[in-house]
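Hello,

Here is the structure I said I would pass on. My notes follow below it.

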There are 4 protein chains.
Amino acid sequence: MPRVSASTKAEHRERLLSAAAAEFAAKGLDGARVDDISVAAGLAKGTIYNYFDSKADVFRAVIEAWSSRTEEVRGEIDDEAPVEDQLRSILEADMQVTGEIEEFARTAFREVLTASPEELADLLPSWDPVDAEIQRVVENAQAAGELRSDRSSIELTRFLLSLTNGMLLEHWFPDSDLTLEEIPELVLDYYLDGARTR
Amino acid sequence: MPRVSASTKAEHRERLLSAAAAEFAAKGLDGARVDDISVAAGLAKGTIYNYFDSKADVFRAVIEAWSSRTEEVRGEIDDEAPVEDQLRSILEADMQVTGEIEEFARTAFREVLTASPEELADLLPSWDPVDAEIQRVVENAQAAGELRSDRSSIELTRFLLSLTNGMLLEHWFPDSDLTLEEIPELVLDYYLDGARTR
Amino acid sequence: MPRVSASTKAEHRERLLSAAAAEFAAKGLDGARVDDISVAAGLAKGTIYNYFDSKADVFRAVIEAWSSRTEEVRGEIDDEAPVEDQLRSILEADMQVTGEIEEFARTAFREVLTASPEELADLLPSWDPVDAEIQRVVENAQAAGELRSDRSSIELTRFLLSLTNGMLLEHWFPDSDLTLEEIPELVLDYYLDGARTR
Amino acid sequence: MPRVSASTKAEHRERLLSAAAAEFAAKGLDGARVDDISVAAGLAKGTIYNYFDSKADVFRAVIEAWSSRTEEVRGEIDDEAPVEDQLRSILEADMQVTGEIEEFARTAFREVLTASPEELADLLPSWDPVDAEIQRVVENAQAAGELRSDRSSIELTRFLLSLTNGMLLEHWFPDSDLTLEEIPELVLDYYLDGARTR
DNA sequence: AATGAATGAGCATTCATTCAT
DNA sequence: AATGAATGAATGCTCATTCAT
């Protein structure tokens, strides 16, 4: 019989992920110390290696947890609602989850800008550059005539993602007064109507 | 009498900055090795410390050089031109300079996302969150009725910066097919007109 | 009632010894991992500690098994045969057993050269420096006038052992083309007649 | 100007090699700690890495020093002398040098028996299985009719090397009473005349 | 007996920075 | 100013062994 039950093991894994998110958030990927994560999770320094292969593996697992959490929170999108509302609920869910792991998210963003693609591949299992869910909403809206059709759905999706990511960056700039909560509304406004006088 | 003339010293400093930009670009801030920078500049490994106090100091100096270069390239903006053209020339100049130091820019972006504000203060001399030049153009355009007036010039400026930065991020994502050259036109289109059908 | 029968236990022990021999052979004493041995034997990683006290204890047990096997294979020596034939059958039996555990034998040899005598004592139960069986054959041959009598039987025995061990070493040198099978004949030739012209 | 002169640097290297030989001798290759070697040489723990790339590199360097020392001590061989005398002076020189680094030699022998060829390649720059100097002497002696000609010079050289190595092994066996000094004479006697009654 | 999670000592290597020359 | 040897703090990861179940 194992020394701890499967449920204890799962709990330990949770605690490690949680401690890791905090540690990465506070110190960044390079700055975080594996031993500290393990100890912060209430385990001995080496124990984390019973759960993860390496520091990069821990990082990857935290990202995955974030990703799952996002899908979970997004929930179902109502296809019949105006594009505005559909996008709003997606953006709000995203910002909510991002807020939950606020500081880790910043670190994760940071690592995407890692110098070498090889290292990056080590950190992210895969990176789907276009968000499928958003693209679906965009396509429907184009079909319904709500969004421009002179740009492909991929292009319009990237526009939304770029704008959102840019806002997040802005939010993370030192001394920024842009809060996470305002982002969805701002993004929607700018995304849909642009800056030109109508 | 100094052992090397002032001009030699200036040249050594240039070479160090140049080597540093390349090294930071290739390996990131953490990954770059001070020794390598000094040697790549044709000097002995310790010599860089006669020019800079620390690795962070070198980084800061590279950023400053980049910043100066940006202002230099932008040149004068024609106040009378349509807002579209004014913004285009700013964006094109920015992308040109970014292109010149492509990889370093990515690293610099990355470091702005550093976990702790203290460390960041160590890296960046100051960080003016809103670009004054762009804001001026926006204000004029609002006055001329070319841009919406229900948002402040600060807000519209941030919109432009966020979108541009988001596009840069997109450009730097692994396997992205978005090139630097296309960014100004895309940004302008999205910025001015948004995604909604007109 | 024990949870496994005595015969199951004996079989587990066998499997562990066998897996250990393979592991030590492939990785050496230091390189071998206790966990791997246990798992390779089809048991859980900690189970090996129900059979052996420590890694050194496992190693010792493998050596003992090898030693028993050697005696078993040698069988009876025909006292009446020429010394040449007696020695040949001993050497051939030894090389056969060595061949059976080829790679482990190399590791065992290696460990005999361990730096500290204390560690060695931990690894080998005892080490009888002169092989009694060979010495008996040598003594008989001296009595029969077949071997020189100006050297003691101990000396002549050591000569044989040194030469054989030296050949094994040679066989184990990287890129050696000396095979185990040729060793008995070569050893006999050199041992009996030396290198000088007769 | 460097902080220490070239001669100081050379001396440091010597001290490191010396400390390394002692450390490897006492603890074996695996057991030796790089830090300890550096500190034992009177330098800070990291300084050894200014002289060598890795632990394996240090080991290699000690082997090379041993090898050079052997050539140096062997000196010139008198081609005209009887084969017996030529071989004796080679063997005596070898045993003398081996004696000088007695314990390290044992460790080096041990590592030649390393399980994997790749690791070995990491330790030894190259391994010439037949000693050229001895082979030359053997060839001359065969030409002069002093040694058997039914075996190639390579074979007879290997015979000598195997016997010598076997004796060294014997000498290193725990509780052996065979001294290094006796080895040359014993080897010569056995090598030339074998064990059979003449 | 069997299991396998937990433990924590142990270690090679890196590299920013110092400073004697 | 330039040099480059010396320094030593710092850390990811391994693995023999323990022991609760």
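What percentage of the 198 residues in chain A is buried? Buried residues make up 35% of them, where buried means that 20 or more other C-beta atoms, placed from the backbone, lie within 10 Å of the residue's own.

Please note that this is a predicted model, in which local features need pLDDT of at least 70 and side-chain atom pairs count only at pLDDT 80 or more, while totals for chains, interfaces and linings use all residues. Residues are numbered from 1 along each chain as its sequence is written, and chains are lettered from A and ligands numbered from 1 in the order in which they are written.

Chain A has nine helices and zero strands (DSSP runs, H or I of at least four residues for helices, E of at least two for strands, numbered from the N terminus). Its C-alpha trace spans about 65 × 40 × 30 Å along the principal axes. Of the contacts in chain A (C-beta atoms, placed from the backbone, within 7 Å) with a separation of 6 or more, 59% are between residues 24 or more positions apart.

The contact between chains A and B takes 46 residues from chain A and 46 residues from chain B. On the chain A side, helices H1 (6-31), H5 (102-112), H6 (117-123), H8 (153-172) and H9 (183-193) each supply at least two residues. H8(A) gives the most, with 12 residues.

Chain C superposes on chain D by a rotation of 179° with 0.0 Å of shift along its axis, RMSD 0.3 Å (least squares on C-alpha atoms of residues with pLDDT of at least 70 in both). The two copies are thus related as by a two-fold rotation axis. The same surface serves both, as 100% of the contact residues of chain C recur in chain D.

Regards

Methods: Buried ≥ 20, exposed ≤ 12 C-beta atoms within 10 Å, placed from the backbone. Contact = placed C-beta atoms within 7 Å.
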